Amino acid sequence: MAEPILEVSGLVKYYPLMRGILFKKQVGAVKAVDGVDFTLAKGETLGIVGESGCGKSTVAKLLCSLERPTAGSIRFKGEDITRLSGRALRAVRRNIQMVFQDPYTSLNPRMTVGDIIGEPYEIHPEAAPKGDRRRRVRELLDVVGLNPEYINRYPHQFSGGQRQRIGIARGLALRPEVIVADEPVSALDVSVQAQVINLLDRLQSEFDLSYVFIAHDLSIVRHISDRVGVMYLGRIVEIGRDAEIYDHPTHPYTQALLSAVPVPDPEAREHRERIILTGDVPSPTNIPSGCRFRTRCWKAQERCTREVPALAVPEEFRRTTGPAAHDSACHFAAEKQVVPPEAPGGHGNGPG
Amino acid sequence: MLLEVRDLQVEFRTRDGVAKAVNGVSYGVDAGETLAVLGESGSGKSVTAQAVMGILDMPPGRITGGEILFRGKDVLKLKEEERRRIRGAGMAMIFQDALSALNPVLSVGDQLGEMFVVHRGMSKKAARAKAIELMERVRIPGAAQRVGDYPHQFSGGMRQRIMIAMALALEPALIIADEPTTALDVTVQAQVMDLLADLQREYHMGLILITHDLGVVADVADRIAVMYAGKIVESAPVRDIYKAPAHPYTRGLLDSIPRLDQKGQELYAIKGLPPNLMNIPPGCAFHPRCPMAQDVCRTDVPPLYEVSEDRGSACHFWRECLHG
């Protein structure tokens with residue numbers, strides 16, 4: 001693996017729950033992120049998938065230093081950025097930029113596109129001399145496939161897909177090395193999603209970017225990611241290369257998640273096994289003991305209530321080198337193919 | 001046929017001009033059948049459904065033409081009073097966002113029971129018992145204990161079940177579900193779609209499923225109607241359309257979604273943007289974005305050509321698309 005650009009270890013974020021007006025007392029905590037470890041290699045895309053409330057967006061905020069972790073460390077090129085402040089923090093933030101989910105609320109409606117994309121230069125004046133900024137903004141518009149003449153327009157004059165391009169241009173303004181994209185296409189129409197994903201792909205090779213790509217859509221994550229981590233209730237339960245996770249999942253939650261994704265192929269609907277989980281995700285204020293997935297798991301046994309499974313290569317796969325030998329936090333990890341193998345004779349790539 | 005929409009046209013009068021949201025849509029659903037209406041935002045799929053249900057905001061909306069036949073009777077000619085009797089008992093709707101569709105200050109039991117009080121003249125007590133029965137039918141655990149709870153006390157998946165229960169209350173012959181699982185997580189989405197399919201079989205209802213998700217359609221639909229700029233551009237049995245689309249827009253949509261079981265290279269992207277409904281391109285509305293467009297597409301509106309007995313495509317070059 002190439003040298004790591006981000007190393008996250010033991011990352012924890014608790015939000016305290018307070019009660020009382022005059023004498024505030026902490027009565028509990030929302031355990032949004034509860035011990036997350038991963039590394040991101042240079043030029044790599046790490047996808048993080050999970051359902052709402054699993055803590056994936058909190059991880060994004062922690063990576064961008066928009067929140068301070070309760071515990072744990074985030075190393076950017078070897079330096080722990082969670083303890084930084086002032087000038088040093090600003091310098092790091094320049095290098096890790098974020099693209100937000102909702103292009104309708106993440107752009108200030110009263111600012112022109114030029115001002116929105118150029119705003120990072122106001123905060124980091126050393127990144128570009130004043131006289132040069134308009135030119136750079138025009139360049140950025142061009143890079144993301146928008147007409148540079150639109151520099152004086154307002155966000156409402158653009159469609160959703162175009163707005164997301166503006167958000168991406170803003171993310172690129174400071175020439176960061178890492179981009180954290182939190183659900184960057186989930187608010188867009190299908191035909192426009194593909195345009196934005198292709199753009200992100202192209203920019204990655206053009207600017208040598210490393211991506212952390214957070215999404216709930218498993219198909220999109222597979223398409224764009226080199227490695228994928230699956231989160232459940234504040235922890236990564238399984239992580240590995242994309243084929244390891246999608247074709248050889250060993251954690252029951254990953255298997256259930258994959259089997260629940262509708263596949264756009266009516267032929268597949270008969271010979272596909274569906275694992276339908278019962279119940280809802282438990283509250284992050286009251287996380288089950290032992291394995292946090294056990295309350296919805298069909299494999300759960302007594303051991304799962306006592307012992308927290310570690311995120312490591314499961315014992316039975318440790319001596320093998322096959323695709324099942326990847327990190328999975330389950331006491332009873334077992335391979336199970338839930339995504340049908342690629343159907344032969346699928347239609348081609350694009351019309352005519 | 002249970003429901004038949006014929007050449008429906010709807011427009012919205014706005015300050016900036018007239019937006020033609022629905023431009024001659026025809027489709028039909030039989031009892032026990034699932035029709036998926038697929039389209040992107042602004043394609044007119046929800047507006048058509050609102051017109052069928054009779055819940056279109058008028059003004060600014062206006063139905064300018066067409067018929068909506070429910071059990072052979074044109075509901076557009078009915079008085080509001082008669083229309084109301086059909087709504088709920090004849091056809092019912094499930095909305096995307098259960099939290100905003102449910103009343104936040106009434107308990108779910110009251111909201112479910114209201115249907116029986118208003119339409120069936122039941123006593124409050126009997127209606128409450130009915131509400132519990134419905135909640136059990138949509139598999140809400142502990143229905144009797146939770147009947148007095150308010151919508152915010154339920155999770156997203158449970159709220160969507162309550163919406164389904166409400167739609168089922170009067171045992172309608174037709175259910176229209178407008179993006180019923182879009183706001184839900186995948187594992188919960190699977191639960192809710194399963195429930196909906198089970199109930200449909202049990203009651204032998206017609207189901208119109210409005211969605212933008214080709215995966216959901218492949219899983220549950222019998223037939224599919226693809227909409228673009230207020231028109232149906234392709235209509236076919238679900239198997240045929242995935243195997244070989246007969247319209248370049250359908251083909252573009254299928255090619256532009258990443259697939260779980262395939263790791264593709266670059267995704268095919270339909271160029272450009274959906275049209276502005278106040279200024280729909282002449283000829284075929286899709287021609288500015290179509291890789292197959294010829295001169296005739298810029299001038300002549302394509303009719304819905306018959307591809308086969310139960311299949312239609314509104315493309316001058318459907319043959320080339322089908323075999324290309």
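**Figure 1. Two domains of chain A in the predicted model.** The centres of domain 1 and domain 2 of chain A, taken over C-alpha atoms, are separated by 28 Å. The structure shown in this and the following views is a predicted model. Domain 1 of chain A spans residues 4–225, and domain 2 of chain A spans residues 235–328. Contacts between them involve 17 residues of domain 1 of chain A and 13 residues of domain 2 of chain A. On the side of domain 1 of chain A that touches domain 2 of chain A, β2 and α7 of chain A each supply at least two residues. The most is given by β2(A), with 10 residues. By residue class, this side of domain 1 of chain A comprises seven nonpolar, five polar and five charged residues.

**Figure 2. The span of chain A annotated in UniProt.** An unreviewed UniProt entry lists residues 6–258 of chain A as "domain: ABC transporter".

Figure 3. An open sheet of chain A is formed by four strands in the order β2-β1-β4-β5, with antiparallel pairing. Its edge strands are β2 (25–41) and β5 (79–80) of chain A, each of which pairs on one side only. Two bridges connect strand β4 (residues 71–76) of chain A with β5(A) in the antiparallel sense. In this region, F76(A) stands opposite E79(A), a residue of β5(A). Helix α1 (residues 56–63) of chain A lies across β1 (4–19), β2 and β4 of chain A. The helix α1(A) runs at about 70° to β2(A).

**Figure 4. The interface between chain A and chain B, seen from the residues of chain A.** Across this interface, 42 residues of chain A are in contact with 47 residues of chain B. Four helices of chain A, namely α6 (190–207), α7 (218–224), α8 (242–247) and α9 (252–260), each supply at least two residues of the side that touches chain B. The most comes from α6(A), with seven residues. The side of chain A that touches chain B divides into 20 nonpolar, 12 polar and 10 charged residues.

**Figure 5. The eight-stranded sheet of chain B.** Eight strands of chain B form an open sheet of mixed pairing, in the order β6-β7-β8-β3-β9-β10-β12-β11. The edges are β6 (91–94) and β11 (305–308) of chain B, each pairing on one side only. From one strand to the next, the twist averages 25°.

**Figure 6. Strand β8(B) and its two parallel partners.** Strand β8 (residues 206–211) of chain B is largely enclosed by the rest of the structure, because six of its six residues are buried. From β8(B), G206(B), I208(B) and I210(B) point one way, whereas L207(B), L209(B) and T211(B) point the other way; all are buried. Strand β3 (residues 34–38) of chain B pairs with β8(B) in the parallel sense over five bridges. In this pairing, A36(B) has L209(B) as its bridge partner in β8(B). Strand β7 (residues 174–178) of chain B likewise pairs with β8(B) in the parallel sense over five bridges. There, the bridge partner of I176(B) in β8(B) is I208(B).

**Figure 7. Surroundings of P104(B).** The residue P104(B) lies in the loop between α3 (98–101) and α4 (108–120) of chain B. P104(B) counts as exposed because 9 C-beta neighbours lie inside 10 Å, and a residue is exposed at 12 or fewer. When its neighbours within four places in sequence are left aside, P104(B) is in contact with Y150(B), P151(B) and H152(B). V22(B) is 82 residues from P104(B) in sequence, and the two are 32 Å apart in space, C-alpha to C-alpha.

**Figure 8. The span of chain B annotated in UniProt.** In an unreviewed UniProt entry, the annotation "domain: ABC transporter" covers residues 5–254 of chain B. This span of chain B is 42% helix and 27% strand, and its end C-alpha atoms lie 26 Å apart.

Definitions and conventions
Residues are numbered from 1 along each chain as its sequence is written. Chains are lettered from A and ligands numbered from 1 in the order in which they are written. This is a predicted model: local features need pLDDT of at least 70, side-chain atom pairs count only at pLDDT 80 or more; totals for chains, interfaces and linings use all residues. Two residues are in contact if their C-beta atoms, placed from the backbone, lie within 7 Å. Ala, Val, Leu, Ile, Met, Phe, Trp, Tyr, Cys and Pro count as nonpolar, Asp, Glu, Lys and Arg as charged, and the others, Gly among them, as polar. UniProt positions are given in the numbering used here, feature names are shortened, and annotations may be inferred rather than shown by experiment. Two strands pair if DSSP finds at least two bridges between them. Axes are lines fitted to C-alpha atoms, for helices over the stretch in contact, and angles run from 0 to 180 degrees between N-to-C directions. Domain bounds come from an automatic or database domain assignment. A residue is buried if 20 or more other C-beta atoms lie within 10 Å of its own, exposed if 12 or fewer, and partly exposed in between; C-beta atoms are placed from the backbone.
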